[in-house]
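User: I would like to go through the terms used for this protein and see what each one rests on.

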Amino acid sequence: MLDFGSLLLATALSGACLSGTLVAIWLTARQSRFVLTMAVGILLLVLHVIAFWLYGRYASPWLGQAMLALLVAGFFVVFSSSDQYIERGWSRPAAIPVAAIIALTAVVTAAGFDGLGFVIAYSAVTGILIMTAAAFWTSTEVDRRVLAPVSLLTGSSALSFALCAFVIIQQKQWALGGVPRNWAEDVNTVVVVACMTALGALTISFHHLRTQSRLTEETLTDPLTGLMNRRALGMLHGDTRFDSRTALAMFDLDHFKRTNDIFGHAVGDRVLQRFADVVRKYAQDGVEGFRLGGEEFAVIMSGIPALEAHQILRTIGASFGAEVVATKLGPLRSTVSVGICFGEDKATTLEQMLLAADVALYAAKRAGRNRVATAAAADGERSPEPELLFA
């Protein structure tokens with residue numbers, strides 16, 4: 001026969017240690033709020049387990065109310081932690097119905113129908129667990145590696161709580177005067193032990209995945225402009241073979257050194273940010289923007305005809321030229337020079353594209369800046385004259 005009390009206390013001790021571990025992890029990475037929320041949820045479940053054990057020894061209405069409230073609240077906070085991780089926003093509108101269920105449970109338990117209170121609470125937990133699984137499955141940004149363990153965990157837990165409610169209903173035990181004693185409760189206790197352990201392990205795994213994703217994003221993102229950096233360009237397109245429907249354009253902000261010398265580096269940074277905003281504004285499917293360093297930027301356009309590619313560059317150049325940055329010395333307008341290179345049917349490497357676009361860029365600068373120049377074709381065909389971007 002299962003030693004019910006010992007197992008409950010062991011579960012409480014394990015859960016308390018797990019909650020403390022999660023708090024310690026959160027203290028080292030406070031941006032991961034879902035870790036702290038999970039720690040709170042597990043702590044509420046620990047308190048529920050202790051109250052459940054006490055209710056089996058000293059049954060009283062107030063203890064029964066607290067025990068069932070802690071159960072529903074604990075799993076709802078666990079769900080809120082998952083919601084924070086996947087950023088679905090489901091937990092806030094669900095808070096009022098959950099609060100109403102807790103209040104209903106308290107009312108029927110206080111009236112002496114603690115068995116009915118267990119049924120309501122178990123049914124609510126089953127619904128919360130199903131909602132947790134649904135939130136993960138319908139999220140398009142969740143790492144597929146976490147779906148299987150989350151589904152197994154939430155599914156088995158939901159089934160065990162549903163069985164507990166079913167047995168009480170089947171036996172019509174509306175007034176228990178203590179904790180339920182049946183095979184479903186024994187199974188549920190074992191599942192809850194595994195559930196709490198798995199919740200902690202999954203939360204730690206989620207934290208590591210989120211941290212790894214943020215580090216990768218920071219490594220590949222320019223901190224000033226928010227565009228991808230040169231490392232990202234190499235990682236994404238280092239092995240790309242550029243054909244005739246792929247273009248690479250290099251941008252260089254005109255007289256940027258003079259801008260820094262006259263107006264200061266803070267104004268120069270704002271100019272760089274304005275240009276990045278313009279690139280983002282006119283980006284579309286197949287258009288990727290990168291900051292190569294300093295005042296140099298690159299845009300890769302994939303699957304876009306040459307005429308449309310030139311139109312995109314003209315739009316970016318004209319829009320940036322119309323931007324006005326307020327300074328202490330008066331309004332500041334800047335322009336940009338562009339060199340564009342198209343791939344070839346026999347395919348061109350990223351290094352060749354960058355070199356050709358750079359040559360075209362300097363042709364645009366020699367022609368008077370604020371222009372776009374096209375790289376010469378590999379067969380020696382003369383490139384068009386640099387075209388004025390913004391008058």
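**Terms and their grounds**

Analyst: In α9, F256, T259, N260 and F263 meet H265, V267, G268, V271 and L272 of α10, where contact means heavy atoms within 4.5 Å. The model is predicted: local features need pLDDT of at least 70, side-chain atom pairs count only at pLDDT 80 or more, and totals for chains, interfaces and linings use all residues. Residues are numbered from 1 along each chain as its sequence is written, and side-chain values use heavy atoms, with hydrogens and water left out.

User: Why are α9 and α10 called oblique to each other?

Analyst: Helix α9 (residues 256-263) and helix α10 (residues 265-281) pack at about 140 degrees, with axes 7 Å apart. Axes are lines fitted to C-alpha atoms, for helices over the stretch in contact, and angles run from 0 to 180 degrees between N-to-C directions. Angles under 35 degrees count as roughly parallel, over 145 as roughly antiparallel, 65 to 115 as roughly perpendicular and the rest as oblique. The pair is therefore oblique.

User: What makes K281 buried or exposed?

Analyst: K281 is found in helix α10. Buried means under 20% relative accessible area, exposed over 50%, and partly exposed in between (1.4 Å probe, protein chains only). K281 has 60%, so K281 is exposed. Of the 391 residues of the protein, 46% count as buried.

User: Which residues touch the most other members in the largest nonpolar core?

Analyst: They are L71, F75, F118, Y122 and F161, in a core of 56 residues. A nonpolar core is a set of buried Ala, Val, Leu, Ile, Met, Phe, Trp, Tyr and Cys residues joined through side-chain atoms within 4.5 Å. The helix that gives the most to this core is α3, with 13 residues. Leaving out residues up to four places away in sequence, L71 touches L45, H48, A121, Y122, V125 and F161. Another core, of 29 residues, lies apart from this one and includes A249, I316, I340 and V372.

User: How many helices and strands are there in the protein?

Analyst: There are 12 helices and seven strands. Helices (H or I, at least four residues) and strands (E, at least two) are DSSP runs, numbered from the N terminus.
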